[in-house]
Amino acid sequence: MEQRTAKGDPQDELSARLRLIQELSGLGVRALARDAGLSSSSLSRYLSGQTVPPWPAVVALCRLVKRDPRPLRPLWERSSNPLPAPPKASRQVPPRPRNDLPRDVPDFTGREAGLAAVLDAVDTHRAVAVDGMAGVGKTCLAVHAAHRLSAAYPDAQLYVDLHGFTEGREPLDPDSALRMLLGALDVPSEKVPQEGVEQLAACWRAELAGRRAVVVLDNAADAAQVRPLLPGAGPSVVLITSRNRLLGLDEVPPVSLDVLSPRESAELLARASGDPGGPEGRLAREPESAAEVLRLCGHLPLALRLAAARLRHRPGWTVGILVERLGQGASEFDTAFAMSVKQLDRAHARLFRMLGLLPGGSFDAYLAAALADVPLHGAQEMLEDLVDAHLVQQPTAGRYRLHDLVHQHARRACAEQDPPAERERALSRFLDYYVHAAAAADAAMPVLSPGRTPSAGRPPAELPRFADKNAALAWLVAEYESMIAAFETAAAVGADVHVCELPRFLRAYFARRCGTTHLNHLFERSLAAAERLGDPRQLAEAYSDLGFARYNAGRTADAAAAYEAAALQVSRTGDVRSEAELAVRRGYLRWDEGSAEEPLELFGLAATLYEQAGCPAGAAHAAASEAWAMLQLGHRDQAARRAREVLDVPHADPAWPPTLTARITLGVALADEAPEEAVEHLHRALALAREDGHVNNEAWALNCLGVALRRMGRYEEALARHREAFALLDALFEEHWKIRFLNGYAETCRLAGLPDEALRLHRQALELAPRLGYRYEEALAHEGIAAMLDPTDPAGAAEHRAAGRAALREIHPAAR
């Protein structure tokens with residue numbers, strides 16, 4: 001079918017696209033509306049361009065004809081005219097396209113046939129798999145080709161090490177690899193599915209479909225690891241390397257590498273060693289020794305570069321001396337590595353061996369300093385020296401890594417040369433570093449109340465310093481893979497205090513980046529570690545944190561059970577601050593379960609306890625929650641006074657959570673008597689949530705703005721805000737977030753003259769609420785449905801009213 005779409009006005013173009021969908025369905029307006037769950041009158045307005053449909057309606061129509069709705073999203077957003085994003089500060093500049101490619105080696109030699117094959121495969125298939133033995137130059141060729149392609153693929157140049165052959169580390173699973181790739185594309189966390197490799201892979205393919213990107217997937221273990229990472233439709237290309245032939249990827253042509261030819265090996269040795277060539281060059285003067293170097297290095301590029309580095313940095317050496325040093329090794333690899341390490345002084349060699357204890361991945365100088373227990377400045381200098389010696393790589397400024405073969409050699413050397421007690425102390429310093437560094441980052445970007453000082457191990461001499469929460473989040477993003485590796489290492493060696501505490505300092509990161517699924521998994525393991533420790537304080541915090549994770553995942557019954565267990569442990573510790581934090585968390589849970597008075601009491605108790613503990617930030621958070629609870633109970637004047645008290649508490653971060661809660665509370669409380677001030681507070685809250693990068697809070701602010709505008713009689717504006725909020729919630733892939741807003745959105749639809757949409761939203765709330773344990777929202781949904789059914793179905797309305805009263809009686813026995 002020829003695609004005919006209107007151009008120019010986005011609403012006209014959207015309606016034209018929807019008419020195409022109707023053509024594909026082969027249905028009339030009434031039948032199409034029935035199958036999509038829409039009213040025929042609404043659908044007629046959508047198809048004629050009179051009204052912009054809500055995003056769920058677009059999704060429903062696309063699903064009927066088995067079409068992906070996401071390409072229509074930008075057009076829908078332009079048609080809906082949503083609130084503009086907050087103005088950017090003048091100092092901000094547009095983000096540059098992501099380029100993660102390692103540095104292209106300046107002495108790339110030979111491989112003309114291999115490079116041509118790679119570029120041809122990319123041109124015809126948009127993918128290629130480079131395979132060959134360790135050290136043969138697979139990564140070097142792939143990275144070189146990616147640099148050659150970067151001009152033709154300007155939107156992103158991505159690199160991920162899949163760790164298929166990293167000693168002492170499991171290969172990177174597709175789930176983690178996809179999250180890293182989506183993060184590299186700056187895909188907002190709310191668009192990233194929380195569970196399921198298939199869903200993540202679909203999201204990855206959709207993101208690549210509109211980009212021209214080149215992706216290097218290095219060190220793949222097998223075809224199964226790579227298959228979910230391949231692009232789908234669109235122009236992007238992928239270059240894969242593996243030590244194995246990836247036979248399972250029939251659609252990806254292979255390019256197999258062998259060792260360099262003698263001519264190429266000699267050329268690489270000369271270029272990498274800085275040999276001037278000609279009769280005056282060292283290699284030309286000692287041709288037999290030069291040939292022996294090539295033999296001992298097995299004509300492998302990595303070994304040749306390491307050997308060449310020794311010649312370049314030792315102008316007094318003859319090639320014969322190099323041969324003698326190489327001949328002392330046990331293999332082509334170890335001869336080159338051991339020879340390079342022997343040229344290091346004691347401190348450099350010790351740091352190199354200590355780096356072998358790391359589980360892989362990149363690291364910075366702070367970690368190296370902590371690992372080797374040396375000053376930061378000394379670690380920085382030694383790392384640069386190790387980079388010059390080709391023993392450490394520097395993929396980006398300030399970040400370092402070890403090649404797999406070098407990492408294996410360093411690990412073996414550490415096991416052979418360093419006593420077990422010294423290795424154990426170094427590993428402890430590694431784990432200590434990540435707990436304390438994560439705590440420092442968490443302190444710069446609090447979620448609810450200020451973080452605690454970690455008790456695991458000892459703080460290192462130097463920790464990264466974070467100017468603000470944005471710097472802290474950037475550090476957490478860069479270090480996330482390594483921190484998870486540290487968590488797994490701590491679990492493997494039985495460092496239970498570290499297992500308890502590290503996830504606790506990642507809550508702010510997960511709130512903005514990873515959602516709830518992985519956080520629940522980590523806290524489950526933290527609780528198991530706390531149970532092994534038998535420490536009441538650790539148990540109290542582990543149960544409380546697990547309850548909080550369960551609550552955010554919509555698992556209210558599980559959250560309540562965890563909070564009950566936490567309360568028992570808190571009573572044993574007498575820790576006032578833990579009791580205060582638990583009271584806040586239980587208050588929000590009890591409100592969602594339908595309790596009215598108890599949350600207010602819990603928030604007030606928390607404020608008192610935080611004050612007793614000397615924690616004004618926590619007290620402000622509890623007071624803001626108290627103001628919100630007063631508002632829900634209809635005490636608007638009291639809520640407004642309490643919210644203003646919170647705004648009077650000074651804080652350096654304008655997006656501080658208590659400020660956000662207080663402004664939203666004021667906006668709703670003042671909607672009737674001071675509408676202009678109310679809208680100002682809600683707009684400022686919305687800007688704060690956006691600046692903070694917290695999508696759930698952004699949706700909260702938008703929905704409350706919709707409620708306030710509805711109370712002012714500004715129905716069309718209110719609907720637009722609700723629709724924008726639910727568009728964000730749709731992208732979160734966590735349906736339970738909607739339950740707090742569905743009934744309010746439905747009421748706005750009813751008053752705006754959209755009864756069918758109001759009824760649909762109430763029914764959606766009724767479907768979610770019992771499953772999630774939100775009894776009050778269940779009662780509201782029954783009431784809303786009853787009001788909608790009254791004119792046409794009195795019996796059905798009566799049935800829903802009775803069910804609503806029954807739900808209320810379960811919450812409040814005195815309710816009639």
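Predicted model: local features only at pLDDT ≥ 70, side-chain atom pairs only at ≥ 80, totals over all residues.
Strand S2 spans residues 127–131. Of its 5 residues, 5 are buried, so the strand is largely enclosed by the rest of the structure. In a regular strand, side chains alternate between the two faces of the sheet. Both faces of S2 are covered. Ala127, Ala129 and Asp131 are buried on one side. Val128 and Val130 are buried on the other.

S2 pairs with strand S5, residues 237–242, through 5 bridges. The two strands run parallel. Within S5, Val238 is the bridge partner of Ala127. S2 is also joined to strand S6, residues 254–256, by 3 bridges. This pairing is parallel as well. Here Pro254 of S6 is the bridge partner of Ala129.

Asp218 belongs to strand S4, residues 213–218. Asp218 is buried but forms no salt bridge. The nearest side chain of opposite charge is that of Arg401, 5.6 Å away. A salt bridge requires a distance within 4 Å, so Arg401 does not qualify as a partner. The side chain of Asp218 instead makes a polar contact of 2.4 Å with the side chain of Thr241. Thr241 is also among the residues that Asp218 touches beyond four places in sequence.

Helix H17 covers residues 346–355 and is mostly covered itself, with 7 of its 10 residues buried. The buried set comprises His348, Ala349, Leu351, Phe352, Arg353, Met354 and Leu355. An α-helix has 3.6 residues a turn, so residues three or four places apart point the same way. At the start of H17, Asp345 provides a side-chain oxygen that lies within 3.2 Å of the backbone nitrogen of Ala347.

Most residues other than glycine have a negative phi. Arg126, however, has a positive phi near 60°. Arg126 sits in the loop between helix H6 (112–125) and S2. Its relative accessible area is 26%, so Arg126 is partly exposed. Asp186 likewise has a positive phi, of about 60°, without being a glycine. The loop holding Asp186 lies between helix H8 (174–184) and helix H9 (197–209). With a relative accessible area of 52%, Asp186 is exposed.

Conventions: Residues numbered from 1 in each chain as written. Heavy atoms only, no water. Buried < 20%, exposed > 50% of the residue type's maximum accessible area, 1.4 Å probe, protein only. Helix = DSSP H or I, 4+ residues; strand = E, 2+ residues; numbered from the N terminus. Pairing = 2+ DSSP bridges. Polar contact = N/O pair within 3.5 Å; in protein donor to acceptor, adjacent residues only side chain to side chain. Lys, Arg positive; Asp, Glu negative; His and termini not counted. Contact = heavy atoms within 4.5 Å.
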